[in-house]
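Have the sequence and the 3D view open side by side.

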Amino acid sequence: MKPFIRNTVFFIGWVLSPLTFWNDAFVNIPLSYLLASLLVKLINVNFLWLILASYWLTNVLGLYLMYALGKGIVKSKEGIIKELLSLVVTTAVYSLILVALTKLNILKPF
């Protein structure tokens, strides 16, 4: 893969991943809302489940893109368990916020 394309896809993965403090509020939640709003019109699934699935999908996709394209970047395994635990906790907290916002009818399909 050409370096420019590889770096661009890695950057997209980084933006989608939960490794940045701002990505959930400004990227993943809006993308999840948009995707869930579109899908709720196509398939008969609860909006809450769609937005949660979309949110987790964007995070997992970001991590996968970074892993697949950046295998050689990180050589050290130190602290990886702590970092993964932090990512899971952060994603779970944002998931609970999405549940609350949906239950309070603040987030609903457009």
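## Starting at S86

S86 counts as partly exposed because its relative accessibility is 36%; the bands are buried under 20% relative accessible area, exposed over 50% and partly exposed in between, with a 1.4 Å probe and protein chains only. You'll find S86 in helix α4, which covers residues 80–103. Helices here are DSSP runs of H or I with at least four residues, strands are runs of E with at least two, and both are numbered from the N terminus. Although S86 and P18 are 68 residues apart along the chain, their C-alpha atoms are separated by 9.5 Å.

Before going on, a word on where this comes from: the model is predicted, so local features need pLDDT of at least 70 and side-chain atom pairs count only at pLDDT 80 or more, while totals for chains, interfaces and linings use all residues. Residues are numbered from 1 along each chain as its sequence is written, and side-chain values use heavy atoms, leaving out hydrogens and water.

## The chain as a whole

What does the secondary structure come to? The protein chain has four helices and zero strands, and reading along the sequence gives the pattern α-α-α-α.

Of the 110 residues in the protein chain, 31% are buried. Take the contacts (heavy atoms within 4.5 Å) between residues at least 6 apart in sequence: 73% of them join residues at least 24 apart. The accessible surface is about 7600 Å², and carbon and sulfur atoms account for 74% of that; such areas come from the Shrake-Rupley method with a 1.4 Å probe, and for residues only the protein chains shown count as cover.

## The nonpolar core

Which residues build the largest nonpolar core? There are 10 in all: I29, A36, F47, L48, L50, I51, L52, Y55, L98 and L107. A nonpolar core means a set of buried Ala, Val, Leu, Ile, Met, Phe, Trp, Tyr and Cys residues joined through side-chain atoms within 4.5 Å. Two or more core residues come from each of α2 (23–42) and α3 (47–69), and α3 gives the most, with six.

L52 is one of those core residues. Beyond its neighbours within four places in sequence, L52 touches S95, L98 and V99. Back in helix α4 sits T91, which counts as buried because its relative accessibility is 3%. Setting aside neighbours within four places in sequence, T91 is in contact with P18, Y55, W56 and N59.

## A closer look at α2

Helix α2 has 20 residues and reaches 27 Å from first C-alpha to last, close to the 28 Å expected at 1.5 Å a residue; the expected span is 1.5 Å times one less than the number of residues. There's a kink of about 25° at I29, shortly before the proline P30. That bend is the angle between axes fitted to the seven residues ending there and the seven starting there. Buried residues in α2 include N23, D24, V27 and N28.

## Aromatic rings

How many aromatic pairs does a search of the whole structure find? Four. Rings of Phe, Tyr and Trp (its six-membered ring) pair if their centres lie within 6.5 Å; planes under 30 degrees apart are stacked, over 60 edge-to-face and the rest tilted.

Y33 and F47 pair edge-to-face, at 6.2 Å centre to centre with 90° between the planes. This pair links Y33 in helix α2 to F47 in helix α3, 14 residues apart. Y33 is partly exposed at 23% relative accessible area, whereas F47 is buried at 8%. Elsewhere, F11, W14 and W22 form one aromatic cluster.
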